[in-house]
Amino acid sequence: MDRLDNTIRPYAWGSTTAIPRLLGTEPTGEPQAEMWMGAHPGAPSRTGRGTLVEVIDTDPERELGPDSVARFGPRLPFLLKLLAAGAPLSLQVHPDLAQAKEGYADEESRGVPVTAPHRNYKDANHKPELVCALTEFDGLCGFRDPLRTAELLDGLAVDSLKPYVDLLHAHPEEAALREVLTAILTADPEEMARTVTETAAACDRLGGDYAPYADIAHHYPGDPGVIAALLLNHVRLQPGEALFLGAGVPHAYLNGLGVEIMANSDNVLRCGLTPKHVDVPELLRIVRFEAGDPGVLRPEAGPDGEEVYETPIDEFRLSRYVLPEGGATHDLTLTTPQILLCTAGSVRAGEHALGPGRSVFVPAGEQAEVSGTGTLFRATVVA
């Protein structure tokens, strides 16, 4: 197996302290938002044999296993991250696989450069994702029931929100959510900025259920995404709890440290809380206008102490081991590729000693024995 040397991405929303605290390093004063573990070409992990992209390209079947290559092609199908949000991320959705293929082919045929800021589809893959909290973790996930949202907006006593309240009462669920989000994203910018300012002041004054939205408005003053965020469920994960984000589900991470895993894709359509491009017609085509509970996941006990976060996705499978002091050695050998990440304690994986934030890549079929005391996350594909 290969010890991984991973890139930390300095996105502006990142925490300045969470990842350094986990790694036991000194903060630099700059945001450290995500640590990427995998073979994404934008920031592949480095090994003693070269980058993980180079290692896999040399012999995909040996590194990934013939079954994984047959199903997902000669590339690692998932990307594992440590994600540390110190401020809200953009409000966003991801396409399903058919939408991603169609959107990518369309932009390719029109000659839109893949690096263009208005490009929506960087690749032809979908991007389902799962985030598991390491600390208390706040996020927005999926639409709240329209009548409950109408009640929430009405409680703010902001006159310019009343048309949205009326729409939420007047239509069936899907039509109500579609019309309100469309109205928010196509409103006159100056009028919307005033609405956001009044709404932020009311949220700040009332607190309680409104407090998360007041904080969002503090970070993104005047952004229509603040009003769009009020349509969504707020969820607070406790350590060990997780959220699965499927295609078309609007979401945003707000604050906290977690382990995130996703299909290996860059496809994001933004709804707001960002200075980046928002393609409203394409966004409205992708969003699933369905209200529902965020669906907090807790791990299910498997054999040999493994705790599995079940999802409907084959490209990734995330589980964890909480290894007690003096516990037995676990054989984690699989016929699929793996990344093992320690998040607490001291764990030995083969010949490698792993402290918090340290990880290894295990090629398909290679023996993987782990022992020690701590918490170890395992990322692989569904066999």
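## Largest pocket

In this predicted model, four strands each supply at least two residues of the lining of the largest pocket: β3 (34-37), β6 (78-85), β12 (251-263) and β13 (269-272). Among the contributing elements, β12 gives the most to this lining, with 4 residues.

The largest pocket holds about 950 Å³ of space. Its lining is made up of 39 residues, and those nearest the centre of the pocket are Tyr11, Trp13, Val268, Arg270 and Lys276. By class, the lining of the largest pocket comprises 17 nonpolar, 11 polar and 11 charged residues.

## Second largest pocket

The second largest pocket has a volume of about 230 Å³. It is lined by 15 residues; Ala39, His40, Pro41, Arg75 and Asn264 lie nearest its centre. The lining of this second largest pocket divides into 7 nonpolar, 3 polar and 5 charged residues.

## Annotated domain

An unreviewed UniProt entry lists residues 3-144 under "domain: Phosphomannose isomerase type I catalytic".

## Threonine 195

Threonine 195 belongs to helix α9, which covers residues 189-206. With a relative accessibility of 7%, threonine 195 counts as buried, because the cut-off for a buried residue is under 20%.

When neighbours within four places in sequence are set aside, the contacts of threonine 195 are Ser160, Leu161 and Ile227.

## Overall architecture

The secondary structure of the protein chain consists of 12 helices and 21 strands. The radius of gyration of the chain is 22 Å, close to the 21 Å that the globule rule gives for 383 residues, so the chain is as compact as a globular protein of that length. Taken along the principal axes, the C-alpha atoms fill a box of roughly 65 × 50 × 40 Å.

Of the 383 residues in the protein chain, 55% count as buried. Among contacts in the chain with a separation of 6 or more, 74% are accounted for by residues 24 or more positions apart.

Notes: Residues numbered from 1 in each chain as written. Predicted model: local features only at pLDDT ≥ 70, side-chain atom pairs only at ≥ 80, totals over all residues. Heavy atoms only, no water. UniProt positions renumbered as here; feature names shortened; annotations may be inferred. 1 Å grid on protein atoms, 1.4 Å probe; cavity = no way out; pocket = protein on both sides within 12 Å on 5 of 7 lines; lining within 4 Å. Points joined across faces, edges and corners; volume = space filled by probe spheres on them. Nonpolar A, V, L, I, M, F, W, Y, C, P; charged D, E, K, R; others polar. Buried < 20%, exposed > 50% of the residue type's maximum accessible area, 1.4 Å probe, protein only. Contact = heavy atoms within 4.5 Å. Rg over C-alpha atoms; globule rule 2.2 N^0.38 Å.
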